[in-house]
Amino acid sequence: MLYHLHELQRAFLTPFAAFTDASSQLFSNPFSPLAYTPLSRQLAASCELMHRLGKEYQKPAWNLPSTRIDGREVRVTESVALAKPFCRLLHFQRAARRADPRVLLVAPLSGHHATLLRDTVRALLPAHDVYVTDWLDARMVPLSHGPFHLDDYVHYIQEFIRHLGPDVHVISVCQPTVPVLAAIALMASNDDPLQPRSMVMMGGPIDPRQSPTQVNRLATTKPYSWFETQLIDTVPARYPGAGRRVYPGFLQHAGFVAMNPDRHLKSHYDFYLDLLRGDDSDAAAHRRFYDEYNAVLDMPAEFYLDTIRTVFQEFRLPNGTWEIGGQAVRPADIKKVALLSIEGELDDISGQGQTRAAIGLCRGIPAARKRHYTAPGCGHYGIFSGRRWREMICPKIAEFIRQA
């Protein structure tokens with residue numbers, strides 16, 4: 001019912017968003033006589049702000065047409081290396097003959113599209129052969145493809161690792177650190193010859209009991225039944241995945257905003273002031289950020305609920321009680337794969353110690369092949385995006401991968 005009410009709201013807001021967009025153009029376009037009337041700038045700014053608050057945001061493009069290698073601009077081609085019902089494995093192929101390390105970048109399936117890692121990919125491209133998991137919006141996946149559980153996520157990661165071969169290096173960001181560690185642990189337990197060379201865990205809830213954040217507290221203060229009855233809905237008829245049970249993207253987005261409402265309110269007010277002042281660069285930066293931030297996807301209900309129970313309520317990975325297909329997940333069995341864990345000093349989503357817990361769980365990896373790095377002054381998004389990511393963290397990952 002909640003999803004249908006949201007669709008009704010969207011039907012109401014769509015013409016409003018179109019009207020405010022057209023009005024903003026009328027009061028700002030230099031070819032429009034209305035752009036030279038009193039208060040035209042205030043009216044244009046108000047209309048654009050209303051348009052951006054009311055519009056529906058689509059999945060952004062990766063927009064990575066090229067990279068620089070050895071001071072030379074090199075073309076980058078985006079292609080699908082492997083297609084699965086709930087995910088596409090994308091390859092960002094560079095037009096350069098280089099034997100750089102192959103990297104599997106595992107993006108979160110936690111509300112935002114994989115394009116949230118655009119800056120991560122951009123920084124890796126000059127010195128790595130990059131593949132990315134591009135998770136699909138569950139409302140676009142027909143019911144005929146069946147459900148998608150946390151165990152299925154683990155199997156997907158194993159299939160991608162085997163597809164790319166034993167020389168691959170796996171980087172997981174935030175939520176996927178848990179299923180990635182499980183996938184590699186199961187491969188190690190079975191002595192799989194296609195285990196990756198290394199794994200980099202970044203800002204993820206390996207052990208959410210360490211320095212619990214607001215996200216962790218929500219999962220532990222609400223019963224499992226609350227998540228199932230209050231947050232799960234059915235995809236309406238107009239989408240290919242009609243009838244599929246999902247955790248809707250619009251509910252996730254509301255949760256994101258509710259974590260820092262004052263920050264978002266100030267950001268939109270500053271955007272309005274930038275438009276009044278004609279500060280095009282800051283206004284463009286605001287548009288880019290919220291075009292990405294407001295674009296969300298639906299998550300399969302089974303996957304979301306499994307994650308709540310397995311990761312955040314029962315702590316099965318650090319407790320050693322997680323089984324997949326009847327086989328225990330034992331990170332201590334990993335011996336050949338090098339490990340680097342990374343945390344942000346100011347991370348308010350995955351607190352201090354949650355990711356570092358992987359170092360202790362992977363007891364079979366020699367101490368010389370395990371490292372941890374805490375990025376000073378870094379919040380959660382700063383671990384994989386922005387200046388600190390490019391200047392501090394990415395070089396450490398590149399060095400670690402080559403040593404591995």
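Cys-47 is buried, at a relative accessible area of 16%; buried here means under 20%, exposed over 50% and partly exposed in between, with a 1.4 Å probe and protein chains only. Bear in mind that this is a predicted model, where local features need pLDDT of at least 70, side-chain atom pairs count only at pLDDT 80 or more, and totals for chains, interfaces and linings use all residues. Residues are numbered from 1 along each chain as its sequence is written, and side-chain values use heavy atoms, leaving out hydrogens and water.

Count a disulfide as a pair of cysteine sulfur atoms within 2.5 Å, and you get 0 of them. Cys-362 is in none, and its nearest cysteine sulfur, on Cys-174, sits 18 Å away.

| Cysteine | Relative accessible area |
|---|---|
| Cys-47 | 16% |
| Cys-362 | 0% |

Now for helix 1. Helices (H or I, at least four residues) and strands (E, at least two) are DSSP runs numbered from the N terminus. Helix 1 covers residues 2-26, 25 residues in total, and spans 36 Å from first C-alpha to last, close to the expected 36 Å, which is 1.5 Å times one less than the number of residues. There's a kink of about 30 degrees at Leu-13, shortly before Pro-15; the bend is the angle between axes fitted to the seven residues ending there and the seven starting there.

Leu-13 is also among the buried residues of helix 1, along with Tyr-3, His-6 and Arg-10. Their cover includes helix 2 (40-54) and helix 8 (249-259).

Finally, the domain assignment (automatic or from a database) gives domain 1 (1-56) and domain 2 (66-223 + 299-403). Their C-alpha centres are 39 Å apart.

Technical notes:
Contact = heavy atoms within 4.5 Å.
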